[in-house]
Amino acid sequence: GRYPFHFHVLGNDCADCYFKGNSIHESYYRCISIHGTHGTTVSENVAYDVTGFCYYLEDGVEEENEISFNLAAHIHPVSNVIANGNGGQTINPFSQSKDLILPADVTASGFYLTNLHNDILGNAASGGWSGFAMPNLQSPIGVHRDVNMRPGNRLTKILDGNTAHSTGWWWGHAGAFYNGGTLYYSNADATLLEYNAGRDFNNGIRSPCLVDKCVTDNDCNGYCFEGERAWLQLTNSKVFTTASPGLNSWSGGMEINHFEAHDVALGLESLSATGFGINNLLVECRTGEEWVMPGNPSGVSANGFFWYDTNQEHIITSATFRKCGSRNSNTIYDNSPTRGCNTNSFDGCTSTSSVWGFITHSDQHTPEIMQASNSITYEDCGRRFRLFDFADNNVISSVSSRTQNWVDLDGTASGLNEPTIIGSGLADAGHWWRVEDSVVDDPEGPLIFIKKNKGPERGLGHIRLRFDEGLFNSVG
């Protein structure tokens, strides 16, 4: 490859090497590539007006490098081909060609992090499909494709103090930090790469594990048992002016500490089956500044956080939501004339925006405790809760809409300020959550708030059914 700066397959032989204090302008292909090289430093560089991914970990094997205090700005796609799934979660795969050598360049972003076992700190990304793209590679590519490792499962080393702004415009799920997209060799032609930019579980999911199964079992597909599972860690990060989620993750658990999102469509989005732990969160959906992204802001949501409806268990603590949710006619929680946002063209939002959203389209079984929170603060917010079934808006309710639940540990999310169990308030949920006449009805979700301490030993339980294969085989 021809790049402005390039560490090319140096292995561990360049630990004292560095690219520092450089300026890159009008590059037609990338900024700085680290390729098959470990332990180097890329720091305090500035790149502007760049085609393709800028700071670039090429094959997925690159580890123990430091990428710090760099700027990537005004990033463009290669060959003007851009990944866009419109309103859905999936995007058709892109194939390698002479005009698209790396198909992932359809999501050209400031930082391309194929392996998170590096020190990524203090960087800034401006523009691009995303700011920080973290694609899932189940195996390395290029000259390292036969190396026995799984880049997507490598643990974060340091992912701290990074910022992104003016990004996430091309697709509603892109995210300023995007833990998604899969890069793999095609089944039709094993010499060609394919890239699926959207939600793709057919080509592997990210499953960080404390035990490297590629080494211990000589099998990268080895099962990571419950006591071995790990969470990727992201700390002290900020996002500004993003017409999509501040962070989106399709797979792989994460621990997020000190995350800020300002002027965004959605604070964070996670569909990870292993759950997210989020602590010290600030989501300021609208700052009052003029919306400078393309399009009218009244077409962009101002949502705080959406709980998914199956196979996830998230915990959020010490979170503040500011100026989120639409300024509807309901004043049950806040009657301030400036609460939330309206549909104006200066700094407005969609009329369906809410602080909390519950995706409720699925009829799959849901976990016994879907989510939990503690120490939640609202500042000048509009609509707080919304049950959202994008298929039919709960005209015909689903299992997840009727069993939706939430442990509000201290009652600050519900506003009751005492331990509360939150359940679905849909009429066809019947008396499942209406355990007594004194439950509190929330008309927005709709939800039901149950005061946990009012009855003896109140909590959430579950029934687990297991198929006894041995007994089955002994019959008939």
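**Figure 1. The side chains of Arg199 and Gln89 are joined by a polar contact of 2.7 Å.** The model shown is predicted. A second polar contact, of 3.1 Å, links the side chain of Arg199 to that of Tyr308.

Figure 2. Arg199 sits in the loop between strand S19 (193-196) and helix H1 (213-216). Leaving out residues up to four places away in sequence, Arg199 touches Gln89, Thr90, Trp250, Leu271 and Tyr308. Two of these partners, Gln89 and Tyr308, also make the side-chain polar contacts with Arg199.

**Figure 3. Arg199 and Ile141, two positions 58 residues apart along the chain.** Their C-alpha atoms are separated by 21 Å.

**Figure 4. The second largest pocket, with a volume of about 790 Å³.** Its lining comprises 31 residues. Gly87, Gly172, His173, Glu269 and Phe388 are the closest of them to the pocket centre.

**Figure 5. Strands in the lining of the second largest pocket.** Strand S20 (232-249), strand S21 (254-270), strand S23 (303-307) and strand S27 (385-388) each supply at least two lining residues. S21 gives the most, with 4 residues.

**Figure 6. Residue classes in the lining of the second largest pocket.** The lining has 15 polar and 14 nonpolar residues.

Conventions
Residues are numbered from 1 along each chain as its sequence is written. This is a predicted model: local features need pLDDT of at least 70, side-chain atom pairs count only at pLDDT 80 or more; totals for chains, interfaces and linings use all residues. Side-chain values use heavy atoms; hydrogens and water are left out. On a 1 Å grid over the protein atoms alone, a cavity is a set of points where a 1.4 Å probe fits but cannot get out, and a pocket is an open set with protein on both sides within 12 Å along at least five of seven lines; lining residues have an atom within 4 Å of a point. Grid points are joined across faces, edges and corners, and a volume is the space filled by probe spheres set on the points. Ala, Val, Leu, Ile, Met, Phe, Trp, Tyr, Cys and Pro count as nonpolar, Asp, Glu, Lys and Arg as charged, and the others, Gly among them, as polar. Contact means heavy atoms within 4.5 Å. A polar contact is a pair of N or O atoms within 3.5 Å; within protein, one must be able to donate a hydrogen and the other to accept it, and residues adjacent in sequence count only if both atoms are side-chain atoms.
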